[in-house]
Amino acid sequence: MDRNQPDLFHLLQVLAEHHVDFIVIDGVGAVLQGAPIATFDLDVVHSREPANLERLLMALTELGAYYREHAEKRLTPAMPHLAGPGHHLLMTQAGPLDLLGVVTKGRGYADLLPAAIDLQIRPGLSAKVLDLAMIITLKEELGGEKDLAALPVLRRTLRERR
Amino acid sequence: MHERRDANPIDRPPPARSSMPGSPDDGVDVTLIRWMLALTPEERLRTLENTIRSILRLRDGQKPA
């Protein structure tokens, strides 16, 4: 698989096949809910429960994941890293994958779960996706230029969905 | 949840802007939003992948030989 040709379906499929508990957030989450925006990576918040980290690590091994910022060293994620609240910016055989321990205001997987929806992406592939209203909230809280620039489209998409 | 709408295949272009009255005042092209909303989640994700590939092809095409 060409790392320059992201395969979002494959990324999600491998995570699902390993029964990883995760929530799709940010750009891909917004696109899945109908927002016409472009993004290059899959951002997910993962459960940091020990059993889930084991499943996640197996999925990452299958995907050949390594840290993008240390591409020349091919530094691979390890359990202690994934158990922390940090952000892991990975490259995989199916394209970029960002694993976030927590997002704004220290929200982790369990905190975001009530705002996640179960979405069937295609037959045999489902995933938890953070609902669009909460994606907007996170972007408002982040307040970065890129986040703020996306807000008009996301807000309008939310209004059109209602 | 599986959103399924059969009427708008992914290869159908979004409607012409002039055919969608009510141009938004926030600069957002609502016709694109309505087009995306008419797709299934699978079609939306495939649209995103196609967009990424197109951008990458354009980028690679602009590299000096």
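Sheet, helix packing and salt bridges in a predicted model

Tutor: In chain A, 7 strands make up an open sheet with mixed pairing, in the order S3-S4-S5-S2-S1-S7-S6. The model is predicted, so local features need pLDDT of at least 70 and side-chain atom pairs pLDDT 80 or more, whereas totals for chains, interfaces and linings use all residues. Residues are numbered from 1 along each chain as its sequence is written, chains are lettered from A in the order in which they are written, and side-chain values use heavy atoms, without hydrogens and water.

Student: What makes S3 and S6 of chain A the edge strands?

Tutor: Strand S3 (66–67) and strand S6 (116–122) of chain A each pair on one side only. Strands are DSSP runs of E with at least two residues, helices are runs of H or I with at least four, and both are numbered from the N terminus.

Student: How do you know that S2(A) and S5(A) are paired, and in which sense do they run?

Tutor: Two strands pair if DSSP finds at least two bridges between them. Strand S2 (residues 42–46) and strand S5 (residues 95–100) of chain A are joined by 4 bridges and run parallel, so they count as paired. Within S5(A), Leu100(A) is the residue opposite Val45(A).

Student: Which strands pair with S7(A), and over how many bridges?

Tutor: S1(A) pairs with S7(A) in the parallel sense over 2 bridges, with Ile23(A) opposite Lys128(A). S6(A) pairs with S7(A) in the antiparallel sense over 6 bridges, and here Ile117(A) faces Val129(A). The hairpin of S6(A) and S7(A) has 2 residues between the strands, and Gly124(A) takes a positive phi near 85° in it.

Student: Why is the packing of H1(A) on H3(A) called oblique?

Tutor: The two helices pack at an angle of about 140°, with axes 9 Å apart. Axes are lines fitted to C-alpha atoms, for helices over the stretch in contact, and angles between N-to-C directions run from 0 to 180 degrees. Angles under 35 degrees count as roughly parallel, over 145 as roughly antiparallel, 65 to 115 as roughly perpendicular and the rest as oblique. H1(A) is therefore oblique to H3(A).

Student: Which residues make this contact, and how do they divide by class?

Tutor: His10(A), Leu11(A), Val14(A) and Leu15(A) of H1(A) meet Leu56(A), Ala59(A), Glu62(A) and Leu63(A) of H3(A); contact means heavy atoms within 4.5 Å. They divide into 6 nonpolar, 1 polar and 1 charged. Ala, Val, Leu, Ile, Met, Phe, Trp, Tyr, Cys and Pro count as nonpolar, Asp, Glu, Lys and Arg as charged, and the others, Gly among them, as polar.

Student: What makes the pair Asp26(A) and Lys139(A) a salt bridge?

Tutor: The definition asks for a side-chain nitrogen of Lys or Arg within 4 Å of a carboxyl oxygen of Asp or Glu. For Asp26(A) and Lys139(A) the N to O distance is 2.6 Å, so the pair qualifies. Asp26(A) lies in helix H2 (residues 26–32) and Lys139(A) in helix H6 (residues 132–142) of chain A, 113 residues apart. The whole structure holds 13 salt bridges over all chains.

Student: Why is H7(A) also described as oblique to H1(B)?

Tutor: The axes of helix H7 (residues 145–161) of chain A and helix H1 (residues 30–37) of chain B come within 10 Å and cross at roughly 55°. That angle makes H7(A) oblique to H1(B). In this contact Val153(A), Arg156(A), Thr157(A), Glu160(A) and Arg161(A) meet Val30(B), Ile33(B), Arg34(B) and Leu37(B). By class there are 4 nonpolar, 1 polar and 4 charged residues.
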